[in-house]
Structures are given as structure tokens and as C-alpha cells.
Amino acid sequence: CLSNTHNNMTGAIKVLITGAAGQIAYNLSNMVANGNLFGKDQQVELHLLDIPAAATALEGVVMELQDCAFNVLSKIVATSDLKEAFDDIDVALLVGAMPRKQGMERKDLLAANVKIFKDQGMALDKYAKKTAKILVIGNPANTNCLIMSKYAPSIPKENFSALTRLDHNRATYQVANKVGVTNCCVKNCIIWGNHSNTQFPDIAHASVTKDGKAIPAKQAINDDKWIVDTFIPCIQKRGAAVIAARKLSSAASAAKAIVDQMHDWWFGTKDGEWVSMGVYSNGQYGAPADIMFSFPVTTKNGTYKIVEGLKMEAEDKKYFDITAKELAEERESALEICK
């Protein structure tokens, strides 16, 4: 029993989840409250934010969280007020965003979301801890993350990240499945660029452990045509494939990826392994500066470091440049909207 911690609330990590009445957050809030993110002996205080129209549904989410009788969930704050939501938080998991509706252009989606993340960025700047770690999930995640960081200038750029771990996990599974090994036998896939269908899933530096021996993933697959014709498009379009099948977007897999990305950022990656995170670009690998770009990173003591010195073939650079160009264009459109 963690009664002492519970009674005086010391040591509880304050975690904000936005879009809290939605289906990703429904999965995510349970995972965080169950200790999947910070461990079974670490108290958490959940701040759940959603729009006033979702208040009744949010009440239902709160009731279910209460009914789970989680050991590490010390408090729930359910609100539609930005000050209450962002107050003194340690971690922000920003799921809530305007979803793309039929007939909506990407620029319309961008316009709606720029306003949301501008307002939330200002609230973050004003009310959250300056050490808070911010993970943006709501799409277009990379650009929403960039805009938010610009409106929270008192929080370091290095404290912001966009979710590309879902794509990374998808890539890991496809390689494992193709080679006939379990997921834990595949490491160091990379997602470069945007969390969109231009992203570049790269396995040139990945390895597979088969029959007790680590070999390059490309060698284990031994089928370049499959990589180009099947693997890359599969990862780029997997979100759309889930929507086509479920008539709903990815929820459980997205929540799991959010926990994975924040867990590794908080606690560190294993030696010799990297993960993919959308982080602030200073022009590494020729990516544009001042965008949130997915890179391979290692993490230690709560900070990430972009993996340096990886070689890229000319064909692969073409994929890289396409996603880089899209992100630079998104940034320009978003900044124009902000004016």
C-alpha cells in the first residue's frame, strides 16, 4: 500500500491528458493509472481535459477510472478549463485535436488545430512546470508540436516531442513478422520525418536476432522488392488501413505507443538501442531547421540525443527529402495562420 504517499500527495507525478473523453485517451488514461508508464510504485495524478460538449462523456471516463480502484492513481482532475488542466503538470500527453472531416482540406485541419495548440501552448507557458515533458499526438502532430513550443517560450524546445513511436512500433512488427521472429528480436528501425503518409520508415540500420545471432534486418529479409513495394507503403498508410477496417482510428495501439515513447524518454533507452521520436530539428542529416522531425534518438536521464553518423543511400535520401519538404511547407502554412 502506498498510503503515506496517497495521504499527503507528495511525489505524485501530475499527468495531463487532453481529448480525455476520446477513444485514444480512454485507453491511455487506464494505462497511466495502472502504472504502465511510471511504474507500479509511483503515484500519478491525472488531469483530464476536454471541451465542454464532452463533459458528460468525461464524467463516465472518470467513473470508470474510479471503479478500477487503481493503486497508483491518487487524484483525478476532470475539467474543460485550461488553467486547471495545465496547473503544475509534470507531463502533458496532448491527444485532443480537431479530427479531419470529410471534404476537409489539410490546410483547413491545420487552421483549426493551430488555434487549439496556440491556446494550449500559452496555458502551458503560464501554468505548467518549466521542466514539463510535452508529447503531442493530435494531428498534424509534428506541426502542432512546433506551434505549441513557439507559444510556450519559457519551456525548452527539447521538452517537446511529437509521437512517431506508433509508426516505429508498426515497422518493428512488420519486420519481425516477415522474418519469423518475435518483436523483441528486432531493434533500431527508424522513422524519419513527419507522422503522415510521407514518413520514411527505414530499416537500413535495423538488426534482427535469429537463432541467437544478430544480423542486419535487410539481410534477414533478403527481399528488397518487399521493402520498397510492401513494407514502406504499409507503414506510411497503416493508419488509414485501420480506419478502413474499424471505421475508427487507431486507439489501443496509439495509447501503447504514447506510453512507450514517454516511458523511454523518462527512464532511458537500452544500451545499443534507439527509438524514433519527433523532436526539434537543428538541421541534422540535412533536415530543415525549426521543424519537429522524427529522428532516431537515444535517451538518458530524461534527455534525448539524436543518433549521429548514420549513412543514407541516394534512393533513401529521396524518401527523406519528400517528408522534410512536407514539414517545411506545413510550418510555413501554420505560421501564416498564426499571424
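Colleague: What should I know before I start?

Modeller: The model is predicted, so local features need pLDDT of at least 70, side-chain atom pairs count only at pLDDT 80 or more, and totals for chains, interfaces and linings use all residues. Residues are numbered from 1 along each chain as its sequence is written, and side-chain values use heavy atoms, with hydrogens and water left out.

Colleague: Which way do the residues of strand 4 point, and are they buried or exposed?

Modeller: Strands (E, at least two residues) and helices (H or I, at least four) are DSSP runs, numbered from the N terminus. Buried means under 20% relative accessible area, exposed over 50%, partly exposed in between (1.4 Å probe, protein chains only). In strand 4 (residues 91-94), V91 and L93 point one way, A92 and L94 the other, and all are buried.

Colleague: Which strand pairs with strand 4 in the parallel sense?

Modeller: Two strands pair if DSSP finds at least two bridges between them. Strand 1 (residues 13-18) is parallel to strand 4 over four bridges, with V15 opposite V91. Strand 5 (residues 133-136) also pairs with strand 4 in the parallel sense, over four bridges, and L94 faces V136 there.

Colleague: How do I read helix 5?

Modeller: An α-helix has 3.6 residues a turn, so residues three or four places apart point the same way. Among the buried residues of helix 5 are L110, V114, F117 and L124.
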